[in-house]
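Me: Could you go through this one with me, starting with the chain as a whole and then moving to a single residue?

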Amino acid sequence: MFLYNLTLQAPNAINQAILGNFSGTKQQELIVSHVSRIELLRPDTTVGKVHSILSHEVFGVIRSLAAFRLTGASKDYIVIGSDSGRIVILEYNPTKNVFEKVHQETFGKSGCRRIVPGQYLAVDPKGRAVMIGSMEKQKLVYILNRDIAARLTIGSPLEAHKSHTIVQHITGVDVGFENPIFACLEVDYSEADQDPTGEAFKETEKMLTYYELDLGLNHVVRKWSEAVDRKANLLVSVPGGSDGPSGVLVCSENYVTYKHIGSATLTVPIPRRENPLENKDRGLLIVSGVVHKMKNSFFLLLQSEEGDLYKVTVDHTGDTVNDIKIKYFDTVPVAAGLCILRSGFLFVASEFGNHHFYHFEELGDDSDTPEYSSSDFMSNDGEPLDIRVYFKPRPLKNLLLVDELTSMSPLTDAKVMNLADEDTPQIYALCGRGSRSTMRILRHGLEVTELAVSPLPANPTAVWTTRLKADDLYDQYIIVSFSNATLVLSIGETVEEVTDTGFLATTPTIAVQQLGQDALLQIYPQGIRHIRANRQVTEWRAPGGKSIVRAATNQQQVVIALTGGELVYFEVDDSENLSESHVRREMSGNVTCLSIQPLPVGRKRVRFLAVGCDDNTVRILSLAASSCLEPLSMQALSAVPESLVMIDMPDQISEGSLTTLYLNIGLQNGVLLRTVLDQTAGLLSDTRTRFLGARAVRLFELNMAGNPAVLALSSRPWLSYQLQSRIHLNPLSYEALEYAASFTSEQCPEGVVAISGNALKIFTIEKFGQVFNETAIPLKYTPRHFIVNPIHKTIAVIETEHSTYSAQEKKRALDGLGLEDATEHEELDPVIFGNTRSMPGKWASLIRVLSPLNGETSFTLELENNEAAFSIAVLNFAVEPSELFLAVGTAADLTLAPKSISSGFIHIYKFVNEGTALELVHKTAVDEIPYALLHFQGRLLAGIGRALRIYDLGKRKLLRKCENRNIPNAIVTLHNQGGRIVIGDVQESVHYASYIPADNKIVIFADDKMSRWMTCSTMIDYDTVAGGDKFGNFFVDRLPQKLSREIDEDEAGSKSVGKGYLHGAAHKVDMVAHYHVGDILTSMAKTSFVAGGRELILYTTLMGGIGIFVPFQTREDIDFFQTLEMHMRNEMPPLAGRDHLSYRGYHVPVKGTVDGDICEQYNLLTGDKKRMIAEELDRSPAEIQKKIEDMRIRAI
């Protein structure tokens, strides 16, 4: 077995976000890190949307990001601290739309190690130096400058190491143009390490240390150190120089403190939410902060772990700080990064769930919210008072949510099923944490935003849009053709019918074109109308007995096909008249479609015309004056061509302004062909085919994402477009359409107007490159697992939340405080403010039944007595075959550390009301947590701690029939085929077991050679299992075939038992494949995405990524892609400096897998490198691109 890995949807969790002018223009942009991928986002401040400009896989772990700008420069560079043991500086090149590596300096070993820098990055605000630090001991400072040619230079690293020191945060202190200073939060553990009594540990202080870079002497010194609160966790730099007093805010539990050399220490408490159920022992931490400078002032926004934002202002006179003030600002999701744009927007890169983009409505200067000042909380001797202050939370007031970027992190469970009976299966995924959790239904296709739907008097046959003049920015008319009439609609504030346009309204229309400078053209079956700007109409009539059947036009040229296959050619002459060419041509069959090459800017004529005939051919004819309508080349097809579109797309092989001319051919059997048309000789080559659907394919040219694109309409609409040097072909998640045209207006610069039935629809497509679009169903608590009722097609979900009041507990606690009346205690919206937090060891959990078709919840059941649900299964019991049951495994009074429970339970519910509700049958107490449940031969197979048991249904509880206690730690996954059971242990990988009915016993006969911390697994076939572990590795284990046969034939089980080997089973499985995905795998399924497509393994990851492993079918393909992968590693080394081979073999060397993501980066190489690799592989660059594209097309 050899596998090809492809990412379908990159992980969308953000762990770092920075702001800067990376393009060198005045527009501010965001760079975000998705752990192993770096992405450039450009906020459009006019409409309040955030657009993705560039996303690049770095094949490494990005641990820290920083933006820096040299003094006096207008462009920001990107500094990356990663697991590569190198500091990397990138520059964004806006003309090529790529990240370019400017510097790469090696300083240590690769991997995320404690003493190798990369965890922290701090930049001097004036752009003179950068510090990169590790969690322990090592800190390096690099001086940055420019050479004579204004290129960035980097100096040798200067050490600022301190052994036996743990670093908890680093930031650059703003000191104007004095020597750069970096502030660190440090703990020296040297004494605590030597003292076995633990006294020294209790007395260990946390220090705020200033490191100064002496630019004159070129070395780093420890300038100042002062003890801070032991629970300090974050430093935020205060503006200095001419902007403010300098110094840092030290954020610790419950307090924010201002500190600086020679300045008084000022402390202010962090306001807490007013909540009668507040846990008084729980401290409050600040998790992120951002500074915003204005003309003559500045403020800081700090965010607590609850999501509350606080505005902090520093009252200062010159360099002396008099007071720091804090007040509640608003509540947003807990952020991994906050960025304030100068244009008045706030970007919140959420820790979990969707990322938000807000507009500042106010700056929080109102007097309604109490403001707390440090002067009120300092005692006479300068010590802060131990006091708590409160605020009343409220809905958003200062911020307005304007845009959301979808994020499925954390994704806890997913399944691939076709519950909606659509063309392709859907992915059902459990996402999110706490009250912002959702179940998301992902469909393969681009998301469509519908702008308008208007019913028409009858079923139209075609639609076009047109400008009135060549230099108009927007479309002015929508023309709709019916079987016996034509309707003209004017586009303005509203769309309304107009009659005085010169168009003939009593006949159907074949084509519409804006011609020359300011004329319009209507082609109808009996002739051509040339309508000038002054409404003067010139008619050309079809010759007697013939009518026009097809037409192709551009702004200067017109070709029509008459019945019988005769072609007539016209072009616009110098006096703006439409003149007929003296040459006509008879085709060999009836013409079914025509397409003319689009007219490039500044040209008067193009050279090529494509003609499709009913003899299953497409011919290319010349339109040059010397050889008008002469044939140049021909392509035979498998069916009659229905539609043709020629478009110019940027060249994929060579760089610069060159374009490739593509001929798109839609056939009547539902196949789309894309062929390259040679621009000099008119020859056709490099044909790609794709089956789109059961209906004939109609093609329409559009403009999407700034480039020409093709909309293909079959049994569903598809869009072919170019993004980041690759041509994508994705379906649209929209109903079937009959006809379409591009639509451009002030409100909708890149829209589509289309016909569906008797309705006219206007829609737009925004999120290019996203393979899936989603529908979200809100949930209450963090979802753990779900199961599908196979008969009624309903979904049962278990949701469990730690340290949270359940509905019943909350009511009881409020009653105990005498707050029975709801008006006394206002209920906050949990989606914004989260569920009410309780003590550790308290759980809230529920079982939900919902319909996947309408997303409505039909039944919820909150678990009582501090029970938490962890596993779920749907099953038939042999004793009651007519009923369908739901088994739920729970634990009561679970404490996580040290781990303890009062009891475990298995609840058995019966599906009632056609699967929309549950009825409790009974619950059975067990001694451990049931982490895995499975239907097994009409009974229940349960993994309870380290015991594997088979239960049958009894009257009052489950009856234990069989047990095996030989699993090392705890069972987390279970699968079976026939009598074979595959068990996943939390720490010891997979175990194969057999159930022997004659002896009623379960015998473990094989296990893995390696320890693995299992998170998910799936059976690929009877002998093979694929799994994922918590370190981001994917593996495939297989039982040797000979052994498998022996076990099945051995009914007594004597071979199965055998002699144990190294405290394990008698036999070992073989590892077939191993690969480091780079993210924790949370679910896995063997599935097929395309009707008749090959089977593949689809996996999801914790941070919201979706990927596939596709098996290769020929040895030739394996050799080709392995060689290509090797060349790509050499020619395009990863951006962050990590070695690709060692990254994909992070813990165990990669085996039996090719990385498709690096192979697809072949499209990003320069033309010379593409040709060089192609020569090595004995192929052309186009052939390599076709093979890479085919791997993706075959899978999805």
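**Overall picture, then R535**

Reply: Bear in mind that this is a predicted model. Of the 1196 residues of the chain, 57% count as buried.

Me: How many helices and strands are there in the chain?

Reply: The chain has 11 helices and 90 strands.

Me: What radius of gyration does the chain have, and what would a compact globule have?

Reply: The radius of gyration of the chain is 34 Å, which agrees with the value near 33 Å that a compact globule of 1196 residues would have. Along the principal axes, the C-alpha atoms occupy a box of roughly 110 × 90 × 70 Å.

Me: And the contacts in the chain, what percentage is between residues 24 or more positions apart?

Reply: Such residues make up 55% of the contacts with a separation of 6 or more.

Me: Switching to the surface, what does the accessible area come to?

Reply: The accessible surface of the chain is about 48100 Å², and carbon and sulfur atoms contribute 49% of that. As for charges, the chain has 117 positive and 146 negative ones, and their mean positions lie 4 Å apart.

Me: Now R535, where does it lie?

Reply: R535 is in the loop that runs between strand 44 (527–531) and strand 45 (537–541).

Me: Why does R535 count as partly exposed?

Reply: Its relative accessible area is 42%, and partly exposed covers values between the 20% limit for buried and the 50% limit for exposed.

Me: Which residues does R535 touch, leaving out those up to four places away in sequence?

Reply: R535 touches Y477, D500, T501 and G502. In the case of T501, which is 34 residues from R535 along the chain, the C-alpha atoms of the two are separated by 7.3 Å.

Definitions and conventions: Residues are numbered from 1 along each chain as its sequence is written. This is a predicted model: local features need pLDDT of at least 70, side-chain atom pairs count only at pLDDT 80 or more; totals for chains, interfaces and linings use all residues. Side-chain values use heavy atoms; hydrogens and water are left out. Helices (H or I, at least four residues) and strands (E, at least two) are DSSP runs, numbered from the N terminus. The radius of gyration is taken over C-alpha atoms; the globule rule is 2.2 Å times the number of residues to the power 0.38. Buried means under 20% relative accessible area, exposed over 50%, partly exposed in between (1.4 Å probe, protein chains only). Contact means heavy atoms within 4.5 Å. Accessible areas come from the Shrake-Rupley method with a 1.4 Å probe; for residues, only the protein chains shown count as cover. Lys and Arg count as positive and Asp and Glu as negative; His and the chain ends are not counted. The place of a charge is taken as NZ of Lys, CZ of Arg, CG of Asp or CD of Glu.
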